[in-house]
Each structure stands twice: as C-alpha cells, then as structure tokens.
Amino acid sequence: AFKIDLGLPPDLDLELAPETIEYVPLELAAEEAVKLAFENNPEWRNTPLRLEDARRTLELAANATLPQVDLTASHSWNTTTEPELFSDYDTESRNWTVGVTVSVPIDARTQRREYQTAVIAYRQAEREYFRAHDRLIAAVRAQMIQLRQAELAMKFQKRAIGDAEKAARLAEFDYQRGQGTNRDVLDAQDRLLEAQNAYEAA
C-alpha cells in the first residue's frame, strides 16, 4: 500500500535508511517576528487599504454636504488693425471679468444621510484596523512562546538521550563483566529508544 500511495510499482525494492533529525534554533526576537508579520501577512496588508477606502469615502461624503463655489475669470484685449506691420497697438483696451457662483442645496437630506453612513463605516473600519493590529501581535507572540517552549523541551529531551546512552553503555559494560543481566541491557536500550522518540516528537 505504501508503494501504491507513492505511485511506485509494487515489485520495486525499496531500502529505507534512517535519518537523524537535527533542529536548528530560530534566532529571531519577538519584535522582529511581529515586524515581519506586519510586512508579509496578506490579511493584515488588506486592512489598512480598507481603512483608507473608508476615509476617502467619508471625505467625499463630507464635501458633498458643503456649498459648491465656482470661480470664473476672463480677459479680453481689443485693438484695431494698423495699416503697417509692427505698428503700435492700443494696449489700453482691456476687459477683465471675474465671477463667483455659490450653489447651496435646499434639501440636503440625502447628502447628510450618506455622510452619516460614511462616518459609521469609517469608525467600523477604524475599530477593525486596531482589532486586527492587536490580534496579529498577540498571535505572533503566542507562536513565539510555543516555539521557545518547544525548543526548551527539545533541549531536555536531548539531554535525556545523552543520559540514556550513558546508561545503555553502562548496562552493556556491566553485562559483559557479569555484573548485570540481559534484562538490564534491554531495559536501558528501551529507555534510550523512548528518549529518542520523545526528542523527535518534541
């Protein structure tokens, strides 16, 4: 069944070799881990964008409630055609026109409702922003604590393997000198195997 799961021919001879697992501790401070999480977490990276969208919507809704002011300006310069090229022109015949138009909506209930809706949406986005910010920090710190605990457990298990190896060698030595039994050797080897399995499971 194992060969079939791997997609290998059933008659293929396999030779399994033991592999030693060596753990390399992660040299990373909690603050650096939090910084990397904010830079690379896809869910968090969308959160500031949603807050910015809500802010722009609120700004547009606020502007819609304000009076509309239009400023216009024009300039004209009248002169007469001279019979000779490069003759002097009358530069005093100029006209300037400046106008201001102010539009104030009489019924602005729609704009006010849209503004209130935008305010609520922005506040919700702001709260979600800070909640997501705090959740990400808490999640990273919890993962770092679990990692440090696992590293500590592996150190203890590695020390236990060393002690079990010494005990197994001592039991074998005592057995060869006639001061121990075969049962003592087997028990020491079992404890060594248990320590190795615990290390790999840590």
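Helix α2 passes helix α4 in a right-handed crossing (the near helix being turned clockwise from the far one by less than a right angle, and anticlockwise for a left-handed crossing). The model is a predicted one, in which local features need pLDDT of at least 70 and side-chain atom pairs count only at pLDDT 80 or more, whereas totals for chains, interfaces and linings use all residues. Residues are numbered from 1 along each chain as its sequence is written, and side-chain values use heavy atoms, with hydrogens and water left out.

The axes of α2 (residues 30–40) and α4 (residues 109–176) lie 9 Å apart and form an angle of about 135°, which makes α2 oblique to α4 (a class that holds angles other than those under 35 degrees, over 145 or from 65 to 115). On the α2 side the contact (heavy atoms within 4.5 Å) is made by A30, A33, V34, A37 and F38, and on the α4 side by H133, L136, I137, V140 and M144. Nine of these residues are nonpolar, one is polar and none is charged.

Helix α3 (residues 42–64) crosses α4 at roughly 160°, with the two axes coming within 8 Å, and the pair is therefore roughly antiparallel. This crossing is left-handed, and its contact comprises 17 nonpolar, four polar and five charged residues.

Helix α4 itself has 68 residues and reaches 99 Å from its first C-alpha to its last, close to the 100 Å expected at 1.5 Å a residue (1.5 Å times one less than the number of residues). Just after α4, G178 takes a positive phi of about 80°.

Conventions. Axes are lines fitted to C-alpha atoms, for helices over the stretch in contact, and angles run from 0 to 180 degrees between N-to-C directions. Helices (H or I, at least four residues) and strands (E, at least two) are DSSP runs, numbered from the N terminus. Ala, Val, Leu, Ile, Met, Phe, Trp, Tyr, Cys and Pro count as nonpolar, Asp, Glu, Lys and Arg as charged, and the others, Gly among them, as polar.
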